[in-house]
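Let's take a look at the open spaces in a protein and at what surrounds its ligand.

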Amino acid sequence: MKNILVFSEDEQVTSRILGTVGPLIEHLEAKLSALSINHNPENLLMAGAEVVYSYENKHLEEFSVDTYKSLLLEAIKKSEAGYIFIGATKRGKELAPRVAAALNAGCFTECQELEILENGWMRVKRLTYGGSVVSTEMAKSTPIIASLYPRKEIETKRRSEGKILEIEFAPVEPKTKLIEKREKSKGLADLENAQIIVSGGRGFQTQEDLEMLRELAQTLNGEVGCSRPIAADQGWMEDWVGISGKKVTPRLYLACGISGTIQHAAGIRESRLIVSINKDALAGINQLSDYSIIGDIYEVVPALIKALKELG
Ligand SMILES: Cc1cc2nc3c(=O)[nH]c(=O)nc-3n(C[C@H](O)[C@H](O)[C@H](O)COP(=O)(O)OP(=O)(O)OC[C@H]3O[C@@H](n4cnc5c(N)ncnc54)[C@H](O)[C@@H]3O)c2cc1C
């Protein structure tokens, strides 16, 4: 059971995981397969899969965890996969433990790195305790499931001519039914892809005060983010950054009036440069920051906007 199967409901995520896993298994005699549900299987061959199990059904427009689980189990059987890697998207996080339970297998969730050793053991690194530590965990038995964060940009390459095999499958009756679908309100920040994020926390006293944060973001050509209390408790913004919110990877993360709790930190660790503005020199965010400005946001933010505008 050495073979590997990769799946995500997001084709780009499947491709990125294929690109990540491909070089890791060159020392193994393992076949790298992928499951494609209503995607273009050719793209997955291009990303390195040797076999793509493809299922197309235009009636299956919505993600259904029961149907996707059954399809994945079918693909696991056909590919004789021992290692099953699922994109750690919201959907993937629903799917991975269900597939593991169906196979009575182990499941590593939200892995950041993984490797398969010569002896067949799988070793993963994942954030635990709210992102405060990175734990290294190992499994020796297969099948084993891992949900994995794909690397942002990865060079993928075709490994072989590749094969596309259609999956014959009679959809199962889902246990859950989609009753209503609501669009998220427009104008939301694309935090996950933003290169510059200016984020506000409880240091802001009113919703109106967040205008200066928006002006600073605009001046820097960035997006606006916040800590959870600003969105979830105050309702002043829609999405927050952190372990229960968006995990971000900008070039610059500017934290204004944010204390830097482990839940917030878990979402910003992959930022290239973290700068904080906080009036408390002992605030935890300063430990995480590359540069800390100790001062009042109500003075520092307007001064920054002015200076940046002067610079043009
Ligand atoms: C299960 C769970 C999941 C959670 N997930 C998340 C998550 O994903 N993301 C998240 O952010 N939180 C999350 N939280 C909440 C988290 O524990 C903190 O409560 C939250 O991060 C604190 O937000 P904050 O830094 O804005 O506020 P605070 O901790 O209150 O910090 C405010 C900071 O602003 C500074 N400040 C105040 N006034 C000024 C001023 N005028 N000028 C400069 N600095 C000033 C203070 O010194 C302080 O450091 C979660 C909590 C739980 C229990």
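Start with the second largest pocket: its lining has four nonpolar, two polar and seven charged residues. This is a predicted model, by the way. Glu62, Phe63, Ser64, Arg91 and Leu178 lie nearest the centre of this pocket, out of 13 lining residues. The space inside comes to about 450 Å³.

Now for the largest pocket, with about 1,600 Å³ of space. It's lined by 40 residues, and the closest to its centre are Ala88, Thr89, Tyr149, Glu192 and Lys247. Helix 1 (11-24), helix 4 (90-103), strand 5 (106-116), strand 6 (122-128) and helix 7 (262-268) each give two or more residues to the lining. Helix 1 gives the most, with three. Sorted by class, you get 13 nonpolar, eight polar and 19 charged residues.

Next, the ligand. It has 26 residues around it, and Arg202, Ser227, Ser244, Ser259 and Asn278 are the closest.

| Residue | Part of the residue | Distance |
|---|---|---|
| Arginine 228 | backbone N or O atom | 2.9 Å |
| Serine 259 | side-chain N or O atom | 2.6 Å |
| Threonine 261 | polar side-chain atom | 2.9 Å |

How much of the ligand's 990 Å² does the protein bury? The protein buries 76% of the area that the ligand exposes when taken alone. Helix 6 (228-233), helix 7 and helix 9 (297-311) each give two or more residues to the shell around the ligand. By class, that shell holds eight nonpolar, 13 polar and five charged residues.

Methods. Residues are numbered from 1 along each chain as its sequence is written. This is a predicted model: local features need pLDDT of at least 70, side-chain atom pairs count only at pLDDT 80 or more; totals for chains, interfaces and linings use all residues. Side-chain values use heavy atoms; hydrogens and water are left out. On a 1 Å grid over the protein atoms alone, a cavity is a set of points where a 1.4 Å probe fits but cannot get out, and a pocket is an open set with protein on both sides within 12 Å along at least five of seven lines; lining residues have an atom within 4 Å of a point. Grid points are joined across faces, edges and corners, and a volume is the space filled by probe spheres set on the points. Helices (H or I, at least four residues) and strands (E, at least two) are DSSP runs, numbered from the N terminus. Ala, Val, Leu, Ile, Met, Phe, Trp, Tyr, Cys and Pro count as nonpolar, Asp, Glu, Lys and Arg as charged, and the others, Gly among them, as polar. A residue is near a molecule or strand if one of its heavy atoms lies within 4 Å of it. A polar contact is a pair of N or O atoms within 3.5 Å; within protein, one must be able to donate a hydrogen and the other to accept it, and residues adjacent in sequence count only if both atoms are side-chain atoms. Accessible areas come from the Shrake-Rupley method with a 1.4 Å probe; for residues, only the protein chains shown count as cover.
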